[in-house]
Every structure is written in C-alpha cells, then in structure tokens.
Amino acid sequence: MFFVGLIIASYCGRLMIRHTGVNGMPFYEVEPFTLMIAVTTGVIAVGIASYWFAYLHSTRRTDFYHSLPVTAIVRFRTFYTGCLLVYVTGLILSIVFSLLFGIPVTMMDINLAARILMAGVLTILFFATVMNITVYAFTLSGNIIIGLLIDAVLLFYIDLWERVIDLTCDFAAYSSFFVTKRPDISLIDIYLHAIYPTVRSDVSLGVSASAFLGAVIKLLIWFAVTYRMCRSGYLNRPAEASRSLIAFYSSHLLIKLMIVVPVALLMGNSTYHSFYAYRETMQIISMIVTAIVVSMFLEAIFSRSLKPALRKWGSIIVSLIVIFATFGITRIVENRFNAYVPKYDELESYAVFNPLDSYYYGFNLKYDEDGHVYDYLEPSEYVKEHMVLPDEKAILTLAAKSQQTDYHDMSSPLPLHVYYRLTSGGSRSRQIWVDMEDEENRAMLNRIVGPAYYKEGVWQAFDHDVPDDANVSSVDFHDLRADEYIHLGQGSGTAEDILEVWRDDMVLYDYDHIRYDEVAAEIEVHFDGGLYMWVLPVYEDMSLWEDH
Amino acid sequence: MIELSNITKHFDDKCALNRVSASFKEGAVSVITGTSGSGKSTLIRIIGGIIRPDSGVVIVDDMPIYDNVTTQKRLFVLPEKPYCPSYESASELAHFYGSMYDGFSEDVLKQLSDRYDLPLKGRMRGLHPDARALMMLAMGISASTAYLVCDDMFTAMDRDVRTMACEMISEARRDMGTTFVVAVSDPSLLGDLPDYTYELETVRG
C-alpha cells in the first residue's frame with residue numbers, strides 16, 4: 001500500500017511541480033508525460049484490483065470470505081471501495097503534499113487549481129474504469145494468469161477492433177486526413193486526448209475545459225458500463241469457480257468469439273496483403289484456418305485436454321458464421337462507401353487535401369486571445385474550415401473518372417482527399433485517384449489548385465499577416481538541395497516582406513507551372529524562439545529561389 | 001435444525017451431488033462420511049452457504065442459508081484447510097470474528113487457548129498446521145454460533161491433536177449446546193464423538 005501510494009505521489013508530484021518553472025513544462029514534454037501518467041495509472045489500477053480480488057482464484061481464501069456472515073453485495077462493495085480508497089487517498093495526499101512543498105504559494109491561482117481538479121477527475125475516472133475492467137476479468141476466470149490475459153484483451157478490445165476495421169476495410173477515405181480524426185471511443189484514447197490539453201499550462205483554460213467536459217461524459221459512460229459489468233460478474237460468479245480457468249461455463253462460447261473473430265479477420269487481412277495472385281481466395285482460406293486453430297487452442301485451454309478441442313466443432317462453425325458475416329458486412333459497407341460521388345446539385349462546395357503536399361499543411365498555428373502562439377492547428381480541421389472551392393464540375397469529373405479506372409491501372413496515380421459540403425448541410429469525405437498523365441485530368445486539377453482560394457485554404461500565411469505582437473525570432477531560407485540555411489532577419493517586418501514575395505510567386509502554383517517540380521527550398525518563420533514556425537514551400541521557378 | 005432437500009450440484013459436466021437430502025439434529029454431532037470424491041467437501045460448502053446448489057435448498061432454522069446474513073450469523077464454517085490472513089495474529093483474527101459474529105466470546109477463546117496451549121500472540125501463519133487447525137476450531141467455538149460446520153480437518157491431524165479437537169467439540173456440545181456437522185472420511189477417527197453418521201455415496205457417471 002505504501003509502495004502504491006509512493007508511485008501515485010511521485011507522478012502527481014510531477015504534475016504539480018511542472019508548474020513551478022517560470023514557463024511551465026515545454027509543450028513537447030507534455031505528451032510523453034501524459035503517456036507516462038496513463039501507463040502508471042493503468043498499471044496501478046490493474047495492480048490494486050488484482051491484489052484485492054485475486055482471492056477469487058484461491059479456494060481457501062474464497063471459502064474464508066464467502067463463509068462470513070455478509071451478503072455478496074456488501075462483500076463486493078467492501079472490496080471495491082477498498083481498492084478505490086487506496087488510490088483516491090494516495091492521490092489527495094500527494095496533491096496536498098505537492099501543494100505544500102512543491103509549489104511556491106505565489107504561483108497558486110485559480111487557473112492552476114482548475115487544472116489540478118480537472119486532471120484529478122479525469123485520472124480517477126480512468127483509474128476506476130481500468131479497475132472495473134480488471135475486476136470483471138478476474139470474475140471471468142479462476143486463474144490469475146488467465147484473469148490477467150482476459151484483462152489485457154478487454155482493456156485494448158476497442159482499440160483491437162478499430163485496428164481490425166482499419167485493416168479489413170480498404171475504405172476510399174482510409175488514411176484520409178479528413179477522416180483520421182474519428183471520435184474517441186477507446187478508453188485510452190479518451191483519457192490521453194483529454195489529459196493532454198488539460199495539463200498544458202500554455203493552452204487557455206477555456207480550451208482545456210472544453211476537452212475536459214467532453215471526455216468526462218465519455219469516461220462516465222465507460223465507468224457506468226464497466227461498473228455494472230464487474231458488479232454483475234462478481235455477484236453471479238460461483239464460488240467454486242476458483243477451481244476452473246473460466247468461471248462461467250456458458251461464457252466459453254462468448255470468450256471464444258471475442259478472441260477468434262478479430263484474430264481471424266486480422267490474419268485474413270495480412271494474408272491478403274502478402275499475396276498478389278489469388279489473394280482473395282487466400283484471405284478466405286486464412287480466416288477459416290485461423291478460426292479453426294484458435295478455437296481449438298482455446299478449447300484445449302478451457303478443458304485442459306485436446307480431446308474436447310477436436311470434438312467441439314459447433315463453436316468453430318458459430319465462429320466462422322460470425323467471421324464471414326462481419327467480413328461480408330464490412331465488404332458491402334466498404335463498396336457502397338467507396339462508390340459514393342455526390343450529384344452536381346447536391347454539392348455546395350468542397351475542399352481538397354493533397355497528401356503528397358501534406359507536410360506543408362501542418363504548419364498553421366493556434367493563437368490565444370492575446371496573440372500568443374501555443375500550438376499547431378490540426379491540418380484537416382484547418383482545411384475543412386478555410387478551403388471553400390466552388391468549381392464543382394472539376395471535382396465531380398475527377399471523382400467520376402476515379403470510379404471508372406482502378407488506380408493500379410493508372411500511369412501516374414495521384415491520391416486526393418476530398419471533403420464534400422452538401423446542400424443538405426451534411427458533409428462527406430472520400431479519397432479519389434487522379435491519373436496525372438491524362439491532360440484533361442491535369443486541366444481539371446489545375447482549375448482546383450490554381451485559384452487563390454485553394455492556397456488560402458492550405459497556408460495560413462497566404463492570407464494572414466504576421467500578428468502585430470508576435471515574437472518573430474528568426475526568418476530563414478532553407479535551401480533543401482544544398483541543405484543550407486540563410487538567415488534573412490527577424491521581426492514581423494522582415495517576415496511580412498518575405499511573405500509578400502512568396503505570395504506573389506505562389507500565384508503561378510499549379511501542375512503546369514511551378515508545382516510540377518519538387519520543393520527546392522523552404523521559408524521558415526520562427527515564433528517564440530523556434531518553438532513554433534510557419535514552413536512555406538519554394539519551387540525552382542519562383543523568384544525567391546532565383547534571387548536567393 | 002439444518003435440513004437439506006434434494007441438493008444437486010454439477011461441476012461443468014460432472015455431477016458431484018445428486019438429490020441429497022438429510023436433516024441434522026440440534027445439539028448433536030452429525031458426521032458425514034464417504035470415500036474421496038464422494039462430495040463431502042462440496043456438501044459442507046453448500047451447507048455453509050459458500051456455494052449455491054444447482055437445485056435443492058439448505059434450510060437452517062426455517063430460513064435458506066445462501067446469501068442470507070441472518071442465517072449465516074448462526075453458523076460457523078471450518079474448511080478442510082482454513083485460510084488465515086498471513087499478517088494477522090490469533091487475537092487480531094479473534095477481533096475480526098468478533099466484528100462478524102455477535103456472540104463471539106473472547107473469554108471462551110482465552111480459556112481454550114490456555115487449556116490447549118494455543119498462542120494468541122504471533123502470526124497465525126507461524127503456527128504448526130495442527131495447532132492452526134485447533135486454533136481455528138477454538139475460534140469457531142468461541143463464535144458461539146448455534147451450528148458449527150466442519151470439513152475433514154481431522155484426517156491429517158496428529159492423533160493427540162485430534163483427541164484434543166474431539167474433546168473441544170464434545171465440551172462445546174455439552175456446555176454451549178452447539179450443533180456440529182462434521183465431514184470425515186473415516187468416522188472411527190473421531191472415536192465415540194459422533195451421535196449420527198450419514199454416508200455419502202459417490203455419484204456414478
């Protein structure tokens with residue numbers, strides 16, 4: 001208990017102590033730090049729950065506790081509250097300790113207090129949910145090793161299915177910058193994506209609170225569902241289950257399905273990508289073989305004998321039905337998804353994202369209320385918000401041609417992510433392929449990327465002036481071919497002068513003029529001592545390159 | 001009185017008990033015998049309310065035992081190898097039982113420990129297994145419950161210790177009116193202690 005308290009104290013102490021520095025923790029240290037908090041909290045939750053509920057796997061200890069004159073629900077609450085109290089007590093003690101000794105009194109303000117509170121609530125909810133899952137896993141088995149294995153599967157189960165769907169479905173929007181930001185439903189994603197902005201002292205409190213509120217609602221749902229599961233598992237678990245690997249005889253099939261289905265789909269997908277000829281046939285064979293082997297393996301573990309594993313074909317057939325139903329459904333959804341092209345009168349405007357230029361989409365900056373740069377903008381979000389392209393005919397022609405020819409058969413295929421804004425108010429994201437050897441295609445593409453509103457949608461620097469109070473610490477010309485830096489000066493004035501020239505040069509940007517070539521150099525505008533910067537491409541036919 | 005009515009219990013596909021019925025008289029020592037694997041321990045755990053039968057019911061003083069605190073407070077269960085928390089001494093364990101059983105008497109425990117030379121200080125885990133079993137029996141008697149259900153902790157005991165255990169049980173029945181239900185593979189090990197003997201047959205198939 002002391003050891004657990006010490007670990008909690010150490011990481012919470014770090015959480016507090018980072019505020020003692022004049023500038024707080026640098027932003028690039030926050031992500032590894034929050035990851036460390038998540039891992040530590042997860043390990044502590046599994047450790048504490050295992051320690052308190054491991055008695056379920058010992059006949060002697062089960063007999064001892066279950067023979068006492070208390071009802072099952074009271075016994076559950078006693079153990080459960082004990083687990084929670086160990087952690088919460090340690091957390092509160094360490095926060096008090098850090099406040100007393102880690103932070104100068106003068107630095108304590110409402111902002112810091114709010115962040116401590118938000119981080120504490122998120123972390124307690126995360127801890128409690130991981131604990132619930134561990135308790136549930138322990139109620140499913142009578143063996144501590146199997147219990148921990150089930151726990152590992154359950155903790156990462158949503159992440160596993162997200163991976164299965166990503167790999168099984170070759171959606172046209174897969175890897176699209178417009179759709180990779182899917183809603184966080186995995187427990188770990190929810191926590192990590194919320195704790196990161198919450199503990200960043202350079203992010204405004206409003207931004208942190210917004211991330212916090214969304215995550216708290218999701219974590220509360222996770223907590224409620226998992227609490228219900230572990231409570232029900234505990235109350236229904238037979239005491240004699242401490243003798244067997246799987247506590248509920250009726251749950252054998254469910255556990256098998258939970259493991260066999262995603263594993264077979266993943267194996268099928270790897271096989272598909274490992275073959276060129278007959279790959280669809282090989283994928284199906286691979287899924288069948290995997291389902292049979294994994295089912296038999298699990299049955300052998302459950303019954304501790306090979307004979308039942310070879311006899312019980314019923315569960316294998318059920319697994320195969322579920323696997324092929326899942327596979328078929330994903331195929332149908334995938335085909336319908338990929339075939340979508342909006343009608344002309346359905347489309348209001350659109351935005352495109354060229355993944356080959358994606359590096360340069362990533363340097364748009366977030367400012368807080370007083371013009372201070374504190375983060376990079378999500379590239380897809382920036383494009384969605386700022387790029388409004390009106391030439392519907394060009395994109396619909398390209399999308400229709402993309403449907404007609406498989407991109408494997410194109411001479412020079414270029415992927416293009418398209419974000420359609422519909423007149424109905426909705427939106428759709430898809431990936432299309434453009435054969436750049438086709439003159440007509442190039443002409444259509446130039447109609448899309450040539451006008452200024454495309455460039456305004458990609459580069460913040462194209463239509464934004466450098467903020468008056470921005471601290472431009474350096475403006476550099478980076479010659480990529482010679483790998484040389486030329487320092488052009490510093491301050492907003494220098495930056496504005498260079499940007500004027502760059503904007504004039506970029507008027508020529510399309511696939512028949514400067515964009516046909518690779519980027520030759522970059523203009524780097526550094527803010528706040530180089531923590532953040534604008535990086536802008538320079539091509540060979542631009543005057544900036546010729547003059548450098 | 002403890003009454004068993006058509007108790008059936010399966011472990012996965014295997015039938016451990018098949019429609020077992022019996023009633024154990026108050027103030028008597030009832031012994032359940034049977035060969036290894038006949039289901040004695042399972043029956044004791046069902047009587048003690050630790051595990052739930054697939055069908056049938058255990059009634060203690062007109063109330064079912066399973067997950068019923070009122071009934072469980074009237075009954076103390078001693079498994080074959082009782083668990084003792086490793087960090088606790090006998091007096092700490094007595095304190096714990098005192099919080100669980102209203103009638104727990106530390107005086108009775110002290111008398112028994114003095115008489116049979118059982119140390120109340122020092123960790124329970126440090127005791128010899130026989131001494132620990134005897135100490136747990138003393139705890140059960142001190143709980144002053146109406147019933148004490150005891151799995152076969154006697155077969156593995158040293159002969160002298162077993163004699164002491166029988167003595168303890170006999171005196172508790174006489175002085176406190178405790179009803180004992182004891183499982184043992186060979187009833188002759190208990191000498192003339194048993195008032196009634198019930199033989200449990202192994203379920204075939």
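These legends accompany close-up views of a predicted model.

**View 1. Overall make-up of chain A.**
Chain A contains 20 helices and nine strands. Of its 548 residues, 35% are buried. Among contacts in chain A with a separation of 6 or more, 73% join residues 24 or more positions apart.

**View 2. Where chain B meets chain A.**
In this interface, 17 residues of chain B are in contact with 15 residues of chain A. On the chain B side, the residues that touch chain A comprise nine nonpolar, two polar and six charged.

**View 3. Helices α5 and α8 of chain A.**
Helix α5 of chain A covers residues 110-140, and helix α8 of chain A covers residues 187-199. The two pack at an angle of about 165°, and their axes lie 10 Å apart. This angle makes α5(A) roughly antiparallel to α8(A), because angles over 145 degrees count as roughly antiparallel. The crossing of α5(A) and α8(A) is left-handed. From α5(A), the contact uses A:Arg115, A:Met118, A:Ala119, A:Leu122, A:Phe126 and A:Thr129. From α8(A), it uses A:Leu187, A:Tyr191, A:Ala194, A:Ile195, A:Thr198 and A:Val199. By type, the residues of the contact of α5(A) with α8(A) are nine nonpolar, two polar and one charged.

**View 4. Helices α8 and α9 of chain A.**
Helix α9 of chain A spans residues 205-236. The axes of α8(A) and α9(A) come within 8 Å and cross at roughly 155°. The pair α8(A) and α9(A) is therefore roughly antiparallel. The crossing of α8(A) and α9(A) is left-handed. On α8(A), the contact is made by A:Leu187, A:Ile190, A:Ala194, A:Pro197 and A:Thr198. On α9(A), the contributors include A:Val207, A:Ser208, A:Ala211, A:Phe212 and A:Ala215. A:Lys218, A:Leu219 and A:Trp222 of α9(A) also take part. The contact of α8(A) with α9(A) divides into 10 nonpolar, two polar and one charged residues.

**View 5. Helices α5 and α6 of chain B.**
Helix α5 of chain B runs over residues 129-142, and helix α6 of chain B over residues 159-176. They pack at an angle of about 5°, with axes 10 Å apart. Hence α5(B) and α6(B) are roughly parallel to each other, because angles under 35 degrees count as roughly parallel. B:Asp130, B:Leu134, B:Leu137, B:Ala138 and B:Ile141 lie on the α5(B) side of the contact. They meet B:Val161, B:Met164, B:Ala165, B:Met168 and B:Ala172 in α6(B). This contact of α5(B) with α6(B) has nine nonpolar residues, no polar ones and one charged.

**View 6. The nonpolar cores.**
The largest nonpolar core has 113 residues. A:Leu122, A:Met131, B:Ala138, B:Val149 and B:Val181 touch the most other members. Helix α5(A) gives the largest share of this core, 16 residues. Not counting residues up to four places away in sequence, A:Leu122 touches A:Tyr191, A:Ala194, A:Ile195, A:Thr198, A:Phe212, A:Ala215, A:Val216 and A:Leu219.

**View 7. Two loop residues of chain A.**
A:Phe275 sits in the loop between α10 (252-274) and α11 (279-303) of chain A. A:Phe275 is partly exposed, with 13 other C-beta atoms within 10 Å. From A:Phe275 to A:Leu536 is 261 residues in sequence and 41 Å in space, C-alpha to C-alpha. A:Leu531 sits in the loop between β8 (521-527) and β9 (532-538) of chain A. A:Leu531 has 16 C-beta neighbours inside 10 Å and counts as partly exposed. A:Leu531 and A:Val373 are 158 residues apart along the chain, yet their C-alpha atoms are separated by 9.1 Å.

**View 8. Positive phi in chain B.**
B:Arg19 is not a glycine, but has a positive phi of about 50°. B:Arg19 belongs to strand β2 (residues 14-24) of chain B. B:Arg19 counts as exposed, with 12 C-beta neighbours inside 10 Å. B:Ser144, also a residue other than glycine, has a positive phi near 55°. B:Ser144 is placed in the loop between α5 and β7 (147-150) of chain B. With 18 other C-beta atoms within 10 Å, B:Ser144 is partly exposed.

Note on methods: Residues numbered from 1 in each chain as written. Chains lettered and ligands numbered in written order. Predicted model: local features only at pLDDT ≥ 70, side-chain atom pairs only at ≥ 80, totals over all residues. Contact = placed C-beta atoms within 7 Å. Nonpolar A, V, L, I, M, F, W, Y, C, P; charged D, E, K, R; others polar. Axes fitted to C-alpha atoms, helices over the stretch in contact; angles between N-to-C directions. Helix = DSSP H or I, 4+ residues; strand = E, 2+ residues; numbered from the N terminus. Parallel < 35°, antiparallel > 145°, perpendicular 65-115°, else oblique. Left-handed = near helix turned anticlockwise from the far one by under 90°. Core = buried A, V, L, I, M, F, W, Y, C linked by C-beta atoms within 7 Å. Buried ≥ 20, exposed ≤ 12 C-beta atoms within 10 Å, placed from the backbone.
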